[in-house]
Amino acid sequence: MAAVRLGCAERDRIDAGSVVEGLPTVTEIAEFCAQLDDPSHNQVLVEHSGDVVGYSTIRWWRERDGTWLYLHRGHLLPEHRGRGVGSAMLAWAEGRIRHLVQQHGTAQTAVFGANATSTTEDATRLLLEAGYRRVFSLAELQLTDLRKLPDDGRLPTGFRMGALDASSFRAAWETVVNSYADAAFTQEWPYDRFLAKADPTCWRAAWDGPHMAGVALCSIRPQNPSVGEVEELSVRRESRRLGLGRALLLDGLRCLRGHGATTARLYTGTANPYRSYDLYESVGFRRINEYLRYRKPMDPEDR
């Protein structure tokens, strides 16, 4: 499976260092497969002359608005494209999802989902021909030199900023969840899932008196310690437009730099209503790729 991903990289112009979807290692693929619900039924391999030349996986989750998203993603070596194999993989995925929807009793709110990047032309063409439509996209940005951060980012009057420890984890989680209250296409994020990946080394928070007002959750990429990632930058509604987000972001980036990172990456929705894209560009981030999210409604007979 790792060889399939590597074999697709040149044709699909995959960014190996992407924080959205790069080139996974064998270990990462094994961990991902282990987390699938019933992988023997929700994952399929494509073989040719005894070799694995492609595979598809299915995952699903409930979004904040009650939508059940059934996401399928296929990967097929370029030399086997254009022969109907990709269409067969797509048909398998949709058929399996219809079975799952009936089994789960989610037909009234279920939709098909699929992902692609702006560079995966074959997958994009296949999805559009099958009736999928783009509903939103994520922009990935990179800051190429953490030595050249702006000197501003002063904390607004009345706030204090500092590191996070375990006693503040729930407040940090609630701050992030609160910031997505009105956002579309967002997955539910239980507290236990937040805790499972908690690494507070470069987490920063700001408080307004006793209340947490915003967080910058930054981390060093385990695949490459020279790369930092801004995983979340969230400010509560009542504390926005004060410069708090900029102060938190720069403090988190300085922490990444202090722990050996030389560059940083992040991603954000291209239709973000809070102008976060402008903030990221103002401190030196530049857009490097776009990740497209497609959906297709269930057929009426599936409901």
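The legends below describe close-up views of one predicted model. Residues carry numbers that start from 1 along each chain as its sequence is written, and side-chain values rest on heavy atoms, with hydrogens and water left out. Because the model is predicted, local features need pLDDT of at least 70 and side-chain atom pairs count only at pLDDT 80 or more, while totals for chains, interfaces and linings use all residues.

View 1. Helices (H or I, at least four residues) and strands (E, at least two) are DSSP runs, numbered from the N terminus. Strand β3 (68–76) is mostly covered, with 7 of its 9 residues buried, where buried means under 20% relative accessible area, exposed over 50%, and partly exposed in between (1.4 Å probe, protein chains only). Two strands are said to pair if DSSP finds at least two bridges between them. Strand β2 (residues 51–62) runs antiparallel to β3 and is joined to it by 9 bridges, with W60 standing opposite Y70 in β3. In the hairpin of these strands, which has 5 residues between them, G66 takes a positive phi near 95 degrees. With β4, β3 pairs in the parallel sense over 5 bridges, and here L69 stands opposite V111 in β4.

**View 2. The buried residue L71 in strand β3.** L71 is found in strand β3 and counts as buried because its relative accessibility is 6%. Leaving aside neighbours within four places in sequence, L71 is in contact (heavy atoms within 4.5 Å) with T57, I58, R59, W61, G113, A114 and N115.

View 3. A pocket is defined on a 1 Å grid over the protein atoms alone, as an open set of points where a 1.4 Å probe fits, with protein on both sides within 12 Å along at least five of seven lines; lining residues have an atom within 4 Å of a point. The volume of the second largest pocket is about 590 Å³, counted as the space filled by probe spheres set on the points, which are joined across faces, edges and corners. Of its 32 lining residues, the closest to the centre are G74, G86, D122, A123 and L126. Elements that each supply at least two lining residues are α1 (2–12), β3, α4 (85–104), β4 (110–117) and α5 (121–129). In α5, D122, T124 and L127 are buried, and the buried residues of this helix pack against α1, β3, β4 and β11 (286–297). After α5 comes G131, whose phi is positive, near 95 degrees.

**View 4. The buried face of helix α6.** In helix α6 (residues 169–179), the residues F169, A172, W173, T175, V176 and S179 are buried. Seen down the helix axis, these buried residues fall within an arc of 155 degrees, so they line one face of α6; the arc is that of the directions from the helix axis to the C-beta atoms. Their cover includes α7 (191–196), β7 (202–208), β8 (211–220) and β9 (227–235).

**View 5. Two loop residues with positive phi.** Most residues other than glycine have a negative phi. R13, in the loop between α1 and α2 (26–35), has a positive phi of about 50 degrees although it is not a glycine, and at 47% relative accessibility R13 counts as partly exposed. S49, in the loop between β1 (43–48) and β2, has a positive phi near 55 degrees and is exposed, with a relative accessible area of 69%.
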